[in-house]
Amino acid sequence: MVLVTVVQGYAGVLLNRTLIKIQVPWGILISIILILYIGLRPISGYYFGDTSNYALSYDRIQMGLTDSDGGTEWVFNGLMWWFANNDFSVHIFFLFCTSLYIGFYWLCTRRLFGQFYFVPLLVSMSMFIFFTNTVNAIRTGIAISALLGAMSYKKNLLVVIFLCAFSYFTHNSAILVIISGILAWFIKNPKYYILAWLLSIIASLTVGNAVANLFLALGIADDRLASYLDTADQYASSFSKTGFRWDFLLFSSMPIILGAYFIFKRNFKDPTYIWIYNIYVISNSFWVIVIRAAFSNRFAMLSWIIMPIVLIYPFYKKRFWANQSQMISHALILFYIYTFYTNVIYGGFKLF
């Protein structure tokens, strides 16, 4: 689908009204197909990460071996409890979770881009983290995709608050993105956040985990986040990619550099874009600070889920070039390169 869309862009028809009308139902169809394909996956920890652990917890609830008051993540735990105690299979529960995850993506792109939402949705789905967040980091995926939905309701504060609460009580780590959103709501100048991002790289390179330990001392991280920061040495031998991840940093810098180009060079001042862009930069800055921690990819996911919206938004909100359709194809290829590298080249070599 990426290749077909790229060809359409080079043919100059990607923004054609007739094609746009055809793409609207295709966005719904591909969302349904992926919900069924991913939601009804086999139970396998080898292929699908924490899917097996979630399934084990689900089985324990059904057998009456687990008592839970839901804790602070009572939305997710409560839903799992309800499905398990009403004798639904674990596959139906995963299907429901996938529906929420992809549904919020669909809602976000449909609201932000209107009938032009298909390519932005395709960009989101073709990011390498899209699949991972619905089979491995299931709670995180639902929580942050709910925040994407909240961002699309920027002008309706009640809905924003509701979806933020839904997100936080699904997975507490969402608080980092929520705080970023509040900060970006009041302080709007992207220059401050870009400077903070650059400083976070310097701090991470020079003082290592000292800043991460400061977060622990101040009690900023919740128990789960704290455990990720505090167990770096414990997992260093088994987690082969701890340390400063230059490849992840390069990947994370793409929307920051591209966004800076549109904002400062092309004078793109869309308020919604500025807000979402700033949220991404703030959230990613926190990850850069703790990049050396075990499971720092869990922190990176908090910003990476927002990444596709930051990348594609300007292309569909303002005409910057006469050949805008071709430029969208260039961008789509660029955005997909890291996914191809991660899953085909790097992932393929790992098989051998």
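This is a predicted model: local features need pLDDT of at least 70, side-chain atom pairs count only at pLDDT 80 or more; totals for chains, interfaces and linings use all residues.
Local features need pLDDT of at least 70 and side-chain atom pairs count only at pLDDT 80 or more, while totals for chains, interfaces and linings use all residues.

Let's start with helix α16. Helices here are DSSP runs of H or I with at least four residues, and strands are runs of E with at least two, numbered from the N terminus. α16 has 20 residues and reaches 26 Å from its first C-alpha to its last, close to the 28 Å expected at 1.5 Å a residue. That expected span is 1.5 Å times one less than the number of residues.

Where does α16 have its kink? Look at Ser253: a kink of about 30 degrees lies there, shortly before the proline Pro255. The bend is the angle between two fitted axes, one for the seven residues ending at a residue and one for the seven starting there.

The buried residues of α16 include Phe248, Ser252, Ser253, Pro255 and Ile256. Buried means under 20% relative accessible area, exposed means over 50%, and partly exposed is in between, with a 1.4 Å probe and protein chains only.

After α16 comes Asn267, with a positive phi near 55 degrees. Asn267 sits in the loop between α16 (246-265) and α17 (271-289).

Now step into α17, where we find Asn284. Is Asn284 buried or exposed? Asn284 is buried, because its relative accessible area is 0%. Leaving aside residues up to four places away in sequence, Asn284 touches Trp197, Ser252, Ile256, Ser303 and Trp304. A contact means heavy atoms within 4.5 Å. Two of those names, Ser252 and Ile256, are among the buried residues of α16.

For another loop, go to Asp87, between α5 (74-85) and α6 (90-113). Asp87 is a residue other than glycine with a positive phi, near 60 degrees. Asp87 counts as exposed because its relative accessible area is 70%.

Next, helix α11 (residues 175-186). Its 12 residues should span 16 Å at 1.5 Å a residue, and its end C-alpha atoms are 17 Å apart, so the two values agree. Buried residues in α11 include Leu176, Ile178 and Ala184.

Last stop: Tyr37, in helix α2 (residues 17-39). With a relative accessible area of 62%, Tyr37 is exposed.

Definitions and conventions
Residues are numbered from 1 along each chain as its sequence is written. Side-chain values use heavy atoms; hydrogens and water are left out.
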